[in-house]
Amino acid sequence: MASVDSTGSSVSGRRRSGDLLHAGLVVALLLGIWSVGGLEVSTGKVSSVKAMNGSTVLLPCTYSSCIGIKNLYFNWHYNDNGTMQKLCEAEIPLEGVEPRVSVYHERVEFVGSSKSNNISILLWNITFEDQGEYICFARNPKEKNRNHSAIFTLIVVDQMKEVDNTLTVIIVSVLGGVIGLVIIVMVIKALVVHFLLKGDEKNKECLVSSSGNDNTENGLSGAKTDNKGTPKA
């Protein structure tokens, strides 16, 4: 009986260890999927922009989540030398449902849309005091309140500098001149070769005709000599 009990206990122990292993694999898989498809916000490939004083600038931001959203909360803040000023905030109930945005800045306008996962804003009539970092933040309760943020830097200038294209124009002109010169040289070379070949053909024709005439004359003179040297019967 003792051997039976020991065998049963060993079998049950193996089953428990197998169940724990499977549970661990499932949890690891779920964590991997959650981390890979987690909420992310982005301000695009360019994280900064230069704009003229008095102009209107777009502060871009988009969000993405592989498992979807529910009651997604987002906001925009301006970093004023360490003091965070809230510009706007809203909550997107479901995908495709437009949010009701609360704006706390008189020159800020929400221009995004949940249909395109866009939570961008416009900043009107910018001044030099608006220069600095703008933070786009989002939190998704569907992913256990996973949150993410992105920073967009605004640089305000008095006037935009004109790009000096002089060097580019010079390089393009030189390359164009070199290519044109090469083409002209190739055309001249082709013409010279063409005329030389024609001259050789004419010379060959002259040589052939002159050699034919010489052979004819030699044959006639030989015939005359034979006729003179033949004695009369």
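Colleague: Which residues have the most contacts inside the largest nonpolar core?

Modeller: Those are Tyr63, Trp76, Ile119, Ile121, Tyr134 and Leu154, in a core of 29 residues. A nonpolar core here is a set of buried Ala, Val, Leu, Ile, Met, Phe, Trp, Tyr and Cys residues joined through side-chain atoms within 4.5 Å. Buried means under 20% relative accessible area, exposed over 50%, and partly exposed in between, with a 1.4 Å probe and protein chains only.

Colleague: Which elements give two or more residues to this core?

Modeller: They are β3 (57-59), β5 (72-80), β6 (83-92), β8, β9, β10 and β11 (146-157). Helices (H or I, at least four residues) and strands (E, at least two) are DSSP runs, numbered from the N terminus.

Colleague: Before we go on, what kind of model is this?

Modeller: This is a predicted model, where local features need pLDDT of at least 70 and side-chain atom pairs count only at pLDDT 80 or more, while totals for chains, interfaces and linings use all residues. Residues are numbered from 1 along each chain as its sequence is written, and side-chain values use heavy atoms, with hydrogens and water left out.

Colleague: Thanks! What does Leu154 touch, not counting residues up to four places away in sequence?

Modeller: Leu154 touches Val49, Ala51, Val57, Leu123, Ile126, Asp130, Gln131, Gly132 and Tyr134. Contact means heavy atoms within 4.5 Å.

Colleague: Are Arg107 and Asp130 buried or exposed?

Modeller: Both of them are buried.

Colleague: And how many salt bridges does the count come to?

Modeller: The count is 2. Glu89 also pairs with Lys86, the closest N and O atoms being 3.1 Å apart. Glu89 counts as buried because its relative accessibility is 19%, whereas Lys86 is partly exposed at 35%.

Colleague: Switching topic: where is Ser120, and what does its side chain do?

Modeller: Ser120 lies in the loop between β8 and β9. Its side chain makes a polar contact with the side chain of Asn118 at 2.6 Å. A polar contact is a pair of N or O atoms within 3.5 Å; within protein, one must be able to donate a hydrogen and the other to accept it, and residues adjacent in sequence count only if both atoms are side-chain atoms.

Colleague: Why does Ser120 count as buried?

Modeller: Because its relative accessibility is 4%. Beyond its neighbours within four places in sequence, Ser120 is in contact with residues including Leu58, Pro60 and Phe110.

Colleague: What about Ser113, which residue's side chain does it join in a polar contact?

Modeller: Glu98, at 2.7 Å between the side chains. Ser113 is also found in the loop between β8 and β9.

Colleague: Last one: how many helices and strands are there?

Modeller: The protein chain has 2 helices and 11 strands. Along the sequence the pattern runs α-β-β-β-β-β-β-β-β-β-β-β-α. Leu191 is in helix α2 (residues 166-229).

Technical notes:
Salt bridge = Lys/Arg side-chain N within 4 Å of Asp/Glu carboxyl O.
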